[in-house]
Amino acid sequence: SMTWSIDPGAARAIISSARSQTSALDDAASTVADRFAEAATAAAHAPRTVEALTNLAADPFLVSVASVRRRIVAVTDTADAVIDVYVAGDLEMAAQTQAAMPEDGS
């Protein structure tokens, strides 16, 4: 049988730290979107440049940031659930919850 050894307080501190980074991601994405919009405005008389800037802003950069953010939320939510189950003493359910964690690249 599997043996678990988790320090719930330390684990939750790591989860909290990871979640707090999502606000930094949000700020960065917002700033970048604003800069792309300013560049597009400055290039108003060059429609092909505006189109290129718009495409670059949307894909892949901001799409990638959004994907990373979703991954952080999914992983930290799953880890939180595993800790809750662990603390409750149901080790079998903790293993099942961990196995349900999204694979990389989701």
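1. Contact here means heavy atoms within 4.5 Å. On that basis R69 touches T22, L25 and D26, once residues up to four places away in sequence are set aside. The structure is a predicted model, and the points below should be read with that in mind.

2. The two helices in question are α1, covering residues 8–42, and α2, covering residues 47–88. They pack at an angle of about 170 degrees, and their axes lie 10 Å apart. Angles over 145 degrees count as roughly antiparallel, and α1 and α2 are therefore roughly antiparallel to each other. The crossing in which α1 passes α2 is left-handed. By residue class, the contact of α1 with α2 divides into 24 nonpolar, two polar and seven charged residues.

3. The length of α1 can be checked against its residue count. With 35 residues at 1.5 Å a residue, α1 should span 51 Å. The end C-alpha atoms of α1 are 52 Å apart, which agrees with that expectation. The expected value uses one less than the number of residues.

4. Which residues of α1 are buried? They are I15, T22, A29, F36 and A40. As for what they face, the buried residues of α1 pack against α2.

5. T22 deserves a separate entry. This residue sits in helix α1. Its relative accessibility is 9%, and since buried means under 20%, T22 counts as buried. Leaving out residues up to four places away in sequence, T22 touches R69 and I72.

6. Is R69 buried or partly exposed? At 31% relative accessibility, R69 counts as partly exposed, because that class runs between the 20% and 50% limits. The contacts of R69 with T22, L25 and D26 were given in point 1. Within the chain, R69 and L56 are 13 residues apart in sequence, and their C-alpha atoms are 19 Å apart in space.

7. S67 is also assigned to helix α2. With a relative accessible area of 25%, S67 is partly exposed. How far apart in space are S67 and L25, C-alpha to C-alpha? The separation is 11 Å, for a pair that is 42 residues apart in sequence.

8. The last entry concerns the loop between α1 and α2, where A43 is found. A43 has a relative accessible area of 14% and is buried. Which residues does A43 contact, leaving aside its neighbours within four places in sequence? They are T49 and V50. A43 and S23 are 20 residues apart in sequence, and the C-alpha to C-alpha distance for this pair is 30 Å.

Key
Residues are numbered from 1 along each chain as its sequence is written. This is a predicted model: local features need pLDDT of at least 70, side-chain atom pairs count only at pLDDT 80 or more; totals for chains, interfaces and linings use all residues. Side-chain values use heavy atoms; hydrogens and water are left out. Axes are lines fitted to C-alpha atoms, for helices over the stretch in contact, and angles run from 0 to 180 degrees between N-to-C directions. Helices (H or I, at least four residues) and strands (E, at least two) are DSSP runs, numbered from the N terminus. Angles under 35 degrees count as roughly parallel, over 145 as roughly antiparallel, 65 to 115 as roughly perpendicular and the rest as oblique. A crossing is left-handed if the near helix is turned anticlockwise from the far one by less than a right angle, and right-handed if clockwise. Ala, Val, Leu, Ile, Met, Phe, Trp, Tyr, Cys and Pro count as nonpolar, Asp, Glu, Lys and Arg as charged, and the others, Gly among them, as polar. Buried means under 20% relative accessible area, exposed over 50%, partly exposed in between (1.4 Å probe, protein chains only).
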